[in-house]
Amino acid sequence: MAIMKKSSKLTQTAMLKQILKRCSSLGKTNGGGYDEDFLPLDVPKGHFPVYVGENRSRYIVPVSFLTHPEFQSLLRRAEEEFGFDHDMGITIPCDELVFQNLTSVIR
């Protein structure tokens, strides 16, 4: 059982690293409005943008959310539905109200 837990943790770690890499690469092809690390200027250090709901409302969330199991579940759904390989940012397939409720509990 410990081996299975360790394997699952490695997969989770790899997923988180991939997400952080994708977040840090946002804007490389978009031009202005980005700092030297290619992050949008309006995103504070230690945060990243996500887009939620039918209207793709933009939210800035702390990187610490990446360790929360329910947020990870949303990210897995996002990867399955949209993938992470696009310049727009991470799009979360979730109702905006549900996302707001989840993030208020995580904080």
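This is a predicted model: local features need pLDDT of at least 70, side-chain atom pairs count only at pLDDT 80 or more; totals for chains, interfaces and linings use all residues.
Reader: What is the overall pattern of the protein chain along the sequence?
Author: The protein chain reads α-β-β-α-β-α, with three helices and three strands.

Reader: Why is the pair of Phe48 and Phe71 called edge-to-face?
Author: The ring centres of Phe48 and Phe71 lie 6.4 Å apart, and a pair requires centres within 6.5 Å. The planes stand at 70°, and an angle over 60 degrees counts as edge-to-face; therefore the pair of Phe48 and Phe71 is edge-to-face. This pair links distant parts of the chain, with Phe48 in strand 1 (residues 47-52) and Phe71 in helix 2, 23 residues apart.

Reader: What makes Phe65 and Phe71 an edge-to-face pair?
Author: Their centres are 5.6 Å apart, against a limit of 6.5 Å, and the angle between their planes is 65°, against the cut-off of 60 degrees. Ring pairs also link Phe48, Tyr59, Phe65, Phe71 and Phe99 into a cluster.

Reader: How do you know whether Phe65 and Phe71 are buried or exposed?
Author: Buried means under 20% relative accessible area. Phe65 has 2% and Phe71 has 0%, so both residues are buried.

Reader: Which residues make the contact of helix 2 with helix 3?
Author: Glu70, Phe71 and Leu74 in helix 2 meet Phe99, Leu102 and Ile106 in helix 3. The residues of this contact comprise five nonpolar, no polar and one charged. The axes of helix 2 (residues 69-81) and helix 3 (residues 96-106) come within 10 Å and cross at roughly 145°.

Conventions. Residues are numbered from 1 along each chain as its sequence is written. Side-chain values use heavy atoms; hydrogens and water are left out. Axes are lines fitted to C-alpha atoms, for helices over the stretch in contact, and angles run from 0 to 180 degrees between N-to-C directions. Helices (H or I, at least four residues) and strands (E, at least two) are DSSP runs, numbered from the N terminus. Contact means heavy atoms within 4.5 Å. Ala, Val, Leu, Ile, Met, Phe, Trp, Tyr, Cys and Pro count as nonpolar, Asp, Glu, Lys and Arg as charged, and the others, Gly among them, as polar. Rings of Phe, Tyr and Trp (its six-membered ring) pair if their centres lie within 6.5 Å; planes under 30 degrees apart count as stacked, over 60 as edge-to-face and the rest as tilted. Buried means under 20% relative accessible area, exposed over 50%, partly exposed in between (1.4 Å probe, protein chains only).
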